[in-house]
Amino acid sequence: MALLPILRFPDPRLKKIAAPVTNIDDSVRRLIADMAETMYEAPGIGLAATQVDVHKQIVVIDVSEDRNDLLALINPRLEGLTGQQEGEEGCLSVPGIFEKVERAERVTVHYLDPEGQPQTLVAEGLLAVCIQHELDHLNGTVFVDHLSQLKQTRIRNKLAKQARVTA
Ligand code: K1U
Ligand code: ZN
């Protein structure tokens, strides 16, 4: 397994639209294992392939307290978004920034598992938020895009300053 470098906002590659996976083979399963290792090490509760510069529809998620309940979603499709919730979100591509974002409270997601089997999951609360956040990444959207222009400008300036300090 390997740790993968994570793209940082506002890298333009985070805006790419991910393509469906057409063949679920060992290379896809190896990528999922590497993404999981990268997510756990970060640490994070989710990671989309887009964030590691692979533009395929793959996400990994683990919102469990014990960090032992990995979900790998291939070609995920959302349906039946209901209710509303507002919670603080962070992003491994936007380090050090946490902002409130409004999301659906409950979602249904259809996807293929790493064996290529179709699955359906009904999620609510943090898992529903994380699924929406990760599926946004596959569509080239970062949580910052949901914020006001003023907040977006402040975040860009803060990250640019951080980058100058660490350069
Ligand atoms: O997509 C990502 O960059 C991962 C992101 C997912 C996420 C967090 C919060 C709300 C929605 C989606 C993160 O994991 S940021 C790190 C984080 O929130 C966290 C890290 C360790 C333990 C608990 C949370
Ligand atoms: Zn993110």
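Q: A polar contact is a pair of N or O atoms within 3.5 Å (within protein, one must be able to donate a hydrogen and the other to accept it, and residues adjacent in sequence count only if both atoms are side-chain atoms). What lies 2.7 Å from a backbone N or O atom of isoleucine 45?

A: An oxygen atom of ligand 1. Keep in mind that this is a predicted model, where local features need pLDDT of at least 70 and side-chain atom pairs pLDDT 80 or more, while totals for chains, interfaces and linings use all residues. Residues are numbered from 1 along each chain as written, chains are lettered from A and ligands numbered from 1 in written order, and side-chain values use heavy atoms, leaving out hydrogens and water.

Q: Which polar backbone atom is 2.7 Å from an oxygen atom of ligand 1?

A: One belonging to leucine 92. From a side chain, histidine 137 brings a polar atom to 3.5 Å from an oxygen atom of ligand 1.

Q: How many residues surround ligand 1?

A: There are 13, and Ile45, Gly46, Gln51, Leu92 and Glu134 are the closest; a residue is near if one of its heavy atoms lies within 4 Å.

Q: Which helix gives the most to that shell?

A: Helix H2, spanning residues 125–138, with 4 residues. Helices (H or I, at least four residues) and strands (E, at least two) are DSSP runs, numbered from the N terminus.

Q: Now the zinc ion, ligand 2: which protein donors does it have?

A: Look for Cys91 through SG, plus His133 and His137, each through NE2, at 2.1 to 2.3 Å. Donors are N, O and S atoms within 2.8 Å of the metal (3.2 Å for Na, K and Ca), and sites may look incomplete because water is not among the atoms. Along the chain, the zinc donors are spaced as C-x41-H-x3-H.

Q: Where do histidine 133 and histidine 137 lie?

A: Both are in helix H2, 4 residues apart, or about one turn of the helix.

Q: Which peptide bonds are cis?

A: Phenylalanine 9 and proline 10 are joined by one, with omega about 10°, and proline 10 is in the segment before helix H1 (26–41). Another runs from alanine 42 to proline 43, with omega near -5°; proline 43 is in the loop between H1 and strand S1 (46–48).

Q: What is phi near in aspartate 53?

A: Near 65°, a positive value in a residue other than glycine. You'll find aspartate 53 in the loop between S1 and strand S2 (58–61).
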